[in-house]
Amino acid sequence: MQPIKYMPLLLLALFCLVGTAMGAATFQCDGMSLNAEQLEDYEVAPGATYIVSVKDLADLNDVVESFKSAYKTDPEVLSSMGMFIAKLSQEQISWLLMNEKVGFVECDGVVSIAAKKAKDL
């Protein structure tokens, strides 16, 4: 069975948005969830791609525009999901985590889901 193309990203968004809607932004990678202070002790992969989500869809444009202005970069924006995707440095991730409108920054990776075969049920 083919995985639904955007289902993993939608599930990720749902779980992460519920968890961060009221709290401080988190960095999520390798099974860890770190705040801005804890990130100082973590070394991010240079040149890696990350997903950034805002807490409120209405704030997406403000966050993207301030990020673009600060770092002269043009991330891929997923407007309907309240997210953008970009290659980020440690400094950029820290900067995003300090923004009260950001919900999370997460490592981009392959996630797949599939139904169990009838014989496995």
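User: Hi! What should I know about the model before I start, and how are residues numbered?
Analyst: Hi! Residues are numbered from 1 along each chain as its sequence is written, and side-chain values use heavy atoms, with hydrogens and water left out. The model is predicted, so to speak of local features we need pLDDT of at least 70, side-chain atom pairs count only at pLDDT 80 or more, and totals for chains, interfaces and linings use all residues.

User: What is pLDDT, and what does the protein average?
Analyst: pLDDT is the predictor's confidence in each residue, from 0 to 100. The protein averages 81, and 72% of the residues score at least 70. Over residues 16-21 the pLDDT is below 50, although this stretch has twelve contacts in the model beyond near neighbours in sequence. A contact means heavy atoms within 4.5 Å. Where pLDDT is low, the predicted coordinates should not be read in detail.

User: Good to know. How many salt bridges are there?
Analyst: The count comes to three, where a salt bridge is a side-chain nitrogen of Lys or Arg within 4 Å of a carboxyl oxygen of Asp or Glu. One of them pairs Lys101 with Asp62, with the closest N and O atoms 3.4 Å apart. Lys101 sits in the loop between α4 and β6 while Asp62 is in helix α3, so this pair ties together parts that are 39 residues apart in sequence. Helices (H or I, at least four residues) and strands (E, at least two) are DSSP runs, numbered from the N terminus.

User: And what does Lys68 pair with?
Analyst: Lys68 forms a salt bridge with Glu65, the closest N and O atoms being 3.6 Å apart, and another with Asp74, where that distance is 3.4 Å. These shared partners join Glu65, Lys68 and Asp74 into one network. Glu65 and Lys68 both lie in helix α3, three residues apart, about one turn of the helix.

User: Is Asp74 buried or exposed?
Analyst: Asp74 is exposed, with a relative accessible area of 61%. Buried means under 20% relative accessible area, exposed over 50%, and partly exposed in between (1.4 Å probe, protein chains only). Lys68 is partly exposed at 25%, and Glu65 is partly exposed at 39%.

User: Where is Lys72, and what does its side chain reach?
Analyst: Lys72 is found in the loop between α3 (60-71) and β4 (76-78). Its side chain reaches the backbone oxygen of Ser69 at 2.8 Å. With 70% relative accessibility, Lys72 counts as exposed.

User: New topic: which cysteines form a disulfide?
Analyst: Cys29 and Cys107 do, with their sulfur atoms 1.6 Å apart. A search of the whole structure finds one disulfide, defined as a pair of cysteine sulfur atoms within 2.5 Å. Cys29 lies in strand β1 and Cys107 in strand β6, so the pair ties together parts that are 78 residues apart in sequence.

User: Which hand does that disulfide have, and why?
Analyst: The torsion about the S-S bond of Cys29 and Cys107 is about -105°, so the disulfide is left-handed. Both Cys29 and Cys107 are buried.

User: Last one: which residues of helix α4 are buried?
Analyst: In α4 (residues 90-97), the buried ones are Gln92, Ile93, Leu96 and Leu97. They cover an arc of only 135° around the axis, which puts them on the same side of α4. The arc is that of the directions from the helix axis to the C-beta atoms. Among the elements that the buried residues of α4 pack against are β1 (26-29), β3 (49-54) and β6 (102-107).

Note on methods:
A polar contact is a pair of N or O atoms within 3.5 Å; within protein, one must be able to donate a hydrogen and the other to accept it, and residues adjacent in sequence count only if both atoms are side-chain atoms.
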